[in-house]
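Open the model in your viewer and keep the selection tool at hand. This tour goes from stop to stop, saying what to select and what is there.

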Amino acid sequence: MKKISYIFSILITKMLVRLIKFSKSGAGTNLPGKIARKISPDILSYLVKQTKKEILVVTGTNGKTTTSGFIAGILENDRRKTVHNRHGANMLTGLTTAVVNESNILGELIADNCVLEIDEAYLPKAVEEFTPDIILVTNLFRDQLDRYGELNSTAKKIELAINNSSQKKIPKIILNADDPLVSALGENYPENRVYYGFNEVNFINQEENIVGSQETANCKCKSKFNYEKLFYGHIGHFYCSCGNKRPEPKISANVEINVNSSKLVINPDNNQGFEININMPGLYNAYNALSAITMALELGISINNITEGLKNYSTVFGRAEKLKLNHKEVLIQLIKNPIGATEVLRTVKDDINGVLLIIINDNYADGRDVSWLWDANFELLASYNKTVIVSGIRASDMAVRLKHAGIKAENIIIIEDISKALQKSLLNTKESEKLYILPTYTALLALQKILRSYY
Ligand SMILES: [Zn+2]
């Protein structure tokens, strides 16, 4: 009987996903999963447990979608059948939609690996439904404060998930050594921790040491961390007078950050070192790549397949999405907190052919509080002498912020309607130029809906 209910849920989900796609009424990532879970509450558990090899989970504040995309790209290159919530819907309903949609109508999930990007707040619930073999944590930044409270409470949620999951099977825990909040996780299972981190970071043709708004991170002894090297935000080679310090990473790397790409040298001090280039901007994406490489090495995937997999990957769901509109190059990068936004602004500032559209919403999923705009380093644009178009529900707030950052009032255009703002931005962009679009989460969803009419 139970199997019939699974099959019924799968059929309904698949139908809904197609219907929503066909009617162009949204990405259809959450509702089908919600209904499937109403019909069979344990459908996600039932399907994910059929994974033949490892169940891989990616969590953290920033970079989840890019990191899991990198990992899926590498696994597929290794000829593993991979199930992945590639649209970035990372709460339980979105996860369910993705997994159910990949199953067949006999109630089977044919997969060597599952790569599941999971929202930090939902991780404890998720591990009640299935047991991950590896949990990878990217970083922890202040994000959507009014949704999840403070950073420490997010760290506690992840720790809780690791502990609960370990009652069934202790997962391998892949952690960012350079993030003091992340590297402290998994403290009950020190043997299972695998660290990655950068030894050296070099910015090429970019002003160095623009750290932006520094996030404060405190040691468990309550003192503020000191840094031998500070890369961005609270990420770097930290230490505390109590003796607590950055752990030595198992997978270490040096990186050269260019305007639109990065070159990573993995294990530089070791004769098995290798070099990887990624065609994505920013140090944050280099971290995403390094974490994915670490995951792949732990799975025993060959360096050749890792390199090829990373190369083939092109970002999904607007996180640094590159596309062509009206013969013009467009780069869309989600912004949702001060650190991420500052990193993107640094890239835009260094690209003299860049044209800028910023879209700010304050819907529930964006976090209702837009005061973070004041913590992002828009001052990086002070000498930017071109028009900036601002759009979205909080376009005027954004305009005020830009004026305050030193951008001339006559260079700022406010167009609240996103569709009209996009049209105007494309008109303003010459064919040799590149349009950077920086939307918040719901602005990105709205933008993607509009983009469909361009194809
Ligand atoms: Zn301390």
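This is a predicted model: local features need pLDDT of at least 70, side-chain atom pairs count only at pLDDT 80 or more; totals for chains, interfaces and linings use all residues.

## Stop one: the zinc site

Select Cys219, which is buried at a relative accessible area of 5% (buried means under 20%, exposed over 50%, partly exposed in between, with a 1.4 Å probe and protein chains only).

Residues are numbered from 1 along each chain as its sequence is written, and side-chain values use heavy atoms, with hydrogens and water left out.

Which residues hold the zinc ion? Show the SG atoms of Cys219, Cys221, Cys240 and Cys242, which coordinate the ion at 2.2 to 2.3 Å. Donors are N, O and S atoms within 2.8 Å of the metal (3.2 Å for Na, K and Ca); water is not among the atoms, so sites may look incomplete. The site is tetrahedral, with angles of 102 to 116 degrees among the four donor atoms (for four donors, all angles must lie between 85 and 135 degrees). Along the sequence, the donor spacing reads C-x1-C-x18-C-x1-C. Cys219 sits in the loop between strand 6 (193-203) and strand 7 (226-232), and Cys242 in the loop between strand 8 (235-239) and strand 9 (251-257). The pair is 23 residues apart and links distant parts of the chain. Strands (E, at least two residues) and helices (H or I, at least four) are DSSP runs, numbered from the N terminus.

## Stop two: the largest core

Select Phe198, Leu264, Leu283, Ile358, Phe378 and Leu402. Of the 73 residues in the largest nonpolar core, these touch the most other members. Such a core is a set of buried Ala, Val, Leu, Ile, Met, Phe, Trp, Tyr and Cys residues joined through side-chain atoms within 4.5 Å. Helix 10 (residues 283-298) gives the most to this core, with 10 residues.

Zoom in on Phe198. Its contacts (heavy atoms within 4.5 Å) include Phe231, His237, Arg246 and Tyr287, not counting residues up to four places away in sequence.

A second, separate core has 38 residues, among them Ala111, Ile118, Phe130 and Val182.

## Stop three: helix 5

Select residues 92-101. Eight of the 10 residues of helix 5 are buried, so this helix is largely enclosed by the rest of the structure. Leu92, Gly94 and Val100 are among the buried ones.

## Last stop: the whole chain

Zoom out. The protein chain has 15 helices and 17 strands. Of its 455 residues, 58% count as buried.

Notes: Four donors count as tetrahedral if all angles lie between 85 and 135 degrees; four count as square planar and six as octahedral if opposite donors are over 155 degrees apart and all others between 65 and 115; anything else is irregular.
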